[in-house]
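Here is a short report for someone meeting this protein for the first time. Please look over the sequence and the model before reading on.

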Amino acid sequence: MGKAAIGRKLGLHRATVRKLVGARSADDVVAKSLQRKHIIDPYVGYLHRRWNEGVRSAGRLYREIQELGYPGGELAVHGSIEQ
């Protein structure tokens, strides 16, 4: 089965399939992803502090860090507060 077919079958982008097929092991894929710096990293402490203060709206938290200069998207905020 080709990479495009695998992607369609699993619902994955072909770049993701290419990365997975080319990896020597699952550990290689996971380790690279964990080591990668993320645009939201400088704001995670603030997000966790606000979460602990009772702010549970990811949309509100997103708007707050936007005002602090965060240039990324709201989806990353959801991911960082769910960790």
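Does tyrosine 62 count as buried or exposed? Tyrosine 62 has a relative accessibility of 15%. The cut-off for buried is under 20%, so tyrosine 62 counts as buried.

**Confidence**

This is a predicted model. The average pLDDT of the protein is 84. A score of at least 70 is reached by 90% of the residues. Confidence is highest in H5, at a mean of 95. It is lowest in H3, where the mean is 65.

**The aromatic cluster**

How many aromatic pairs does the structure hold? It holds two. The table sets them out.

| Pair | Distance between ring centres | Angle between planes | Type |
|---|---|---|---|
| Tyrosine 43 and tyrosine 70 | 5.4 Å | 70 degrees | edge-to-face |
| Tyrosine 62 and tyrosine 70 | 6.3 Å | 90 degrees | edge-to-face |

Why are the rings of tyrosine 43 and tyrosine 70 called edge-to-face? Their planes stand at 70 degrees, and the cut-off for edge-to-face is over 60. The planes of tyrosine 62 and tyrosine 70 are at 90 degrees, so this pair is edge-to-face too.

Tyr43, Tyr62 and Tyr70 form one aromatic cluster. Tyrosine 43 and tyrosine 70 are both buried. For tyrosine 70 the relative accessible area is 4%.

Where do these residues sit? Tyrosine 43 lies in the loop between helix H3 (26-35) and H4. Tyrosine 70 lies in the loop between helix H5 (58-67) and H6. The two loop tyrosines are 27 residues apart in sequence, so their pair ties together separate parts of the chain. Tyr62 belongs to H5.

**Helix H5 and its cover**

Which residues of H5 are buried? They are Ala58, Gly59, Leu61, Tyr62, Glu64 and Ile65. H4 and H6 are among the elements that cover the buried residues of H5. In an α-helix there are 3.6 residues a turn, so residues three or four places apart point the same way. After H5 comes glycine 69, with a positive phi near 110 degrees.

Arginine 50 is in helix H4. It is buried, at a relative accessible area of 14%. Beyond its neighbours within four places in sequence, arginine 50 contacts Val55, Arg60, Leu61 and Glu64. Leu61 and Glu64 are among the buried residues of H5.

**H4 against H6**

How do helix H4 (residues 44-52) and helix H6 (residues 74-81) pack? Their angle is about 65 degrees, and their axes are 10 Å apart. The crossing of H4 past H6 is right-handed. H4 brings Val44, Leu47, His48 and Trp51 to the contact. H6 brings Val77, Ser80 and Ile81. By type, the contact residues are five nonpolar, two polar and no charged.

Aspartate 41 is in the loop between H3 and H4. It is partly exposed, with a relative accessible area of 39%. Aspartate 41 and alanine 76 are 35 residues apart in sequence. In space they are 9.8 Å apart, C-alpha to C-alpha.

Valine 21 lies in helix H2 (residues 14-22). At 49% relative accessibility, it counts as partly exposed. Lysine 3 is 18 residues from valine 21 in sequence. The C-alpha to C-alpha distance between them is 8.3 Å.

Conventions
Residues numbered from 1 in each chain as written. Predicted model: local features only at pLDDT ≥ 70, side-chain atom pairs only at ≥ 80, totals over all residues. Heavy atoms only, no water. Axes fitted to C-alpha atoms, helices over the stretch in contact; angles between N-to-C directions. Helix = DSSP H or I, 4+ residues; strand = E, 2+ residues; numbered from the N terminus. Left-handed = near helix turned anticlockwise from the far one by under 90°. Contact = heavy atoms within 4.5 Å. Nonpolar A, V, L, I, M, F, W, Y, C, P; charged D, E, K, R; others polar. Phe/Tyr/Trp six-rings, centres within 6.5 Å; stacked < 30°, edge-to-face > 60°. Buried < 20%, exposed > 50% of the residue type's maximum accessible area, 1.4 Å probe, protein only. pLDDT = per-residue confidence, 0-100.
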